[in-house]
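Welcome! Here is a short briefing to read alongside the picture, taking the chains one topic at a time.

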Amino acid sequence: MKEGEIVGIIGPNGAGKSTLIKAMMDLIPHQGNAAMDGQPLAKQAQKIAYVQQKSNIDLTFPITVRECVALGLQAHANMFGYTGKNEGKAIAQALEMVDMTDFAKRQIGRLSGGQLQRVLIARCLVQEADLIILDEPFAGIDNRSESAIMIVLRKLRAEGKTILMVHHDLKTVRSYFDSVVMMNVNMIGAGPVATTFTDTNLEQAYGLPMHVNQGGQS
Amino acid sequence: MTLTFWHDLAEFHFLQNALLTSITVGIVAGVIGSFVILRGMSLMGDAISHAVLPGVAVSFMVGMPTVVGAATFGIAAAILITLIRQHSLIKSDTAIGIIFSSFLALGVILIALVHTTTNLFHILFGNVLAVQDKDMYLTIGIAAVVIALVVLFFRRLRLTSFDPVMAQAMGIHTNAYHYLLMVMLTLVAVVSMQSVGTILIVALLITPAATIYLFANRLRTMVIASGALGGLISFVGLVIGYSFNIAVGSCIVLLGTCVFIVCFPFSKKQNLIKLPIGGRS
């Protein structure tokens with residue numbers, strides 16, 4: 001993976017995409033290791049922002065949008081959870097970027113799926129991480145939220161951040177990603193979209209002859 | 001009837017102790033209970049409150065303060081349950097079932113071996129009217145420490161309760177906060193023993209918190225309101241129990257349940273009944 005790229009991890013259900021990223025961050029027992037700048041990823045937890053699948057979020061938890069975004073700041077906080085920085089400003093900016101300022105005081109259970117995902121992206125933003133790992137951010141969300149999130153992610157890429165994303169929708173792979181990792185239990189291919197996202201690799205990953213046109217039907 | 005209570009309250013020292021102790025216990029149980037239910041650890045709360053029993057017996061045997069023995073056994077139970085859950089294929093509720101019933105059984109045997117004035121019935125069901133000055137100060141002291149810890153670590157507790165995976169990915173030691181909560185839970189169980197007894201502590205922990213959970217939009221609100229509600233039902237429960245000469249602990253628990261039942265249909269989060277006023281979109 002290169003710095004400042006948006007990288008997609010694609011593969012069929014059960015291919016081990018989520019498992020791969022969890023292992024990379026040392027959240028589950030695994031063999032092998034993942035490194036960034038020559039250091040193991042698990043040792044640089046502060047530089048990584050991770051958003052798990054939003055279906056794993058407890059929507060009934062008494063927490064507002066603003067407080068949820070504030071959790072991102074905890075990455076750089078002391079043991080009591082305080083950063084000593086201007087937290088309000090960072091949160092307000094992040095909410096502004098994902099266009100959720102109006103919802104700041106709402107409990108997170110009373111948001112649409114797309115709004116919730118934007119909140120989780122805002123939480124990532126305040127973490128100021130170098131590597132952002134997202135697990136299926138676009139699953140079950142509206143088009144408006146999806147494009148709003150892509151705009152933010154491209155902005156982050158322009159700032160030199162690296163984004164790694166588990167992704168399901170093959171139609172958008174060419175327009176979203178710079179590089180792609182294709183897997184189905186085993187690694188099938190990894191590299192720039194143009195040379196990796198090929199019909200041959202797709203057939204290997206999904207077991208069916210496939211052809212994906214940008215913007216067309218798969 | 002309740003007039004008698006106020007009259008006696010002015011007159012009898014034991015009733016003043018009972019009042020202060022039960023309110024303190026109600027508050028601190030509500031505060032910790034909020035975290036217990038949000039983390040889905042209600043059963044764990046039950047287990048720990050039962051597991052302190054052998055500790056109480058051992059304390060009597062060797063003549064050390066009850067808190068020390070009880071806390072040791074409570075924390076031992078918490079560690080055992082967590083170890084079984086994390087390192088075997090046994091599920092959490094099964095591990096809890098095995099450990100807490102064993103500890104309770106052990107406690108019953110040990111208490112029987114100790115020849116003291118301690119009555120097993122009082123330990124199991126509480127006897128707040130017999131609280132001594134020493135116990136009351138201890139209760140207040142422990143409650144103050146627990147609440148101070150919650151305030152200090154509030155942000156971390158919120159993060160690890162809401163999204164433990166994210167916390168772990170950030171490199172935060174979520175287990176440390178898990179055990180911090182277990183320690184606080186044990187301390188609360190030890191002091192709650194006096195007012196509602198070992199068997200019923202879990203009700204004092206989770207019923208006020210569960211009632212508030214139906215309405216709260218923020219964790220801070222939930223913690224404060226649960227504490228207030230816990231204190232209030234403990235107070236009213238004591239007044240009713242004393243006035244009608246019925247078991248105070250059971251009175252507190254049933255009162256909590258009544259409040260829960262009354263509030264349940266009005267929960268905005270569940271939308272069982274649409275309120276004509278005050279509904280926020």
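Helices here are DSSP runs of H or I with at least four residues, and strands are runs of E with at least two. Please keep in mind that this is a predicted model. With that in hand, let us walk through both chains and their contact.

- The unreviewed UniProt entry places the feature "transmembrane region" at several stretches of chain B, among them residues 176-193 and 223-240.
- Residues 223-240 of chain B are 100% helix and 0% strand, and the C-alpha atoms at the ends of this span lie 26 Å apart.
- For residues 176-193 of chain B, the span is likewise 100% helix and 0% strand, with 26 Å between its end C-alpha atoms.

**The sheet in chain A**
- Chain A has an open sheet of 6 strands, ordered 4-5-6-1-7-8, with mixed pairing.
- Strand 4 (48-51) and strand 8 (186-192) of chain A each have a single partner strand, so one side of each is left without a neighbour in the sheet.
- On average, neighbouring strands of this sheet are turned by 15 degrees against each other, direction ignored.
- Strand 5 (residues 131-135) and strand 6 (residues 162-166) of chain A pair in the parallel sense over 5 bridges.
- Ile133(A) stands opposite Leu164(A), which belongs to strand 6 of chain A.
- Helix 1 (residues 17-24) of chain A packs on the sheet and touches strands including strand 1 (6-10) and strand 7 (179-184) of chain A.
- The direction of helix 1 makes about 140 degrees with that of strand 6 of chain A.

**Where the chains meet**
- Chain A gives 23 residues to the contact, and chain B gives 22 residues.
- On the side of chain A that touches chain B, 12 residues are nonpolar, 9 polar and 2 charged.

Key. Residues are numbered from 1 along each chain as its sequence is written. Chains are lettered from A and ligands numbered from 1 in the order in which they are written. This is a predicted model: local features need pLDDT of at least 70, side-chain atom pairs count only at pLDDT 80 or more; totals for chains, interfaces and linings use all residues. Two residues are in contact if their C-beta atoms, placed from the backbone, lie within 7 Å. Ala, Val, Leu, Ile, Met, Phe, Trp, Tyr, Cys and Pro count as nonpolar, Asp, Glu, Lys and Arg as charged, and the others, Gly among them, as polar. UniProt positions are given in the numbering used here, feature names are shortened, and annotations may be inferred rather than shown by experiment. Two strands pair if DSSP finds at least two bridges between them. Axes are lines fitted to C-alpha atoms, for helices over the stretch in contact, and angles run from 0 to 180 degrees between N-to-C directions.
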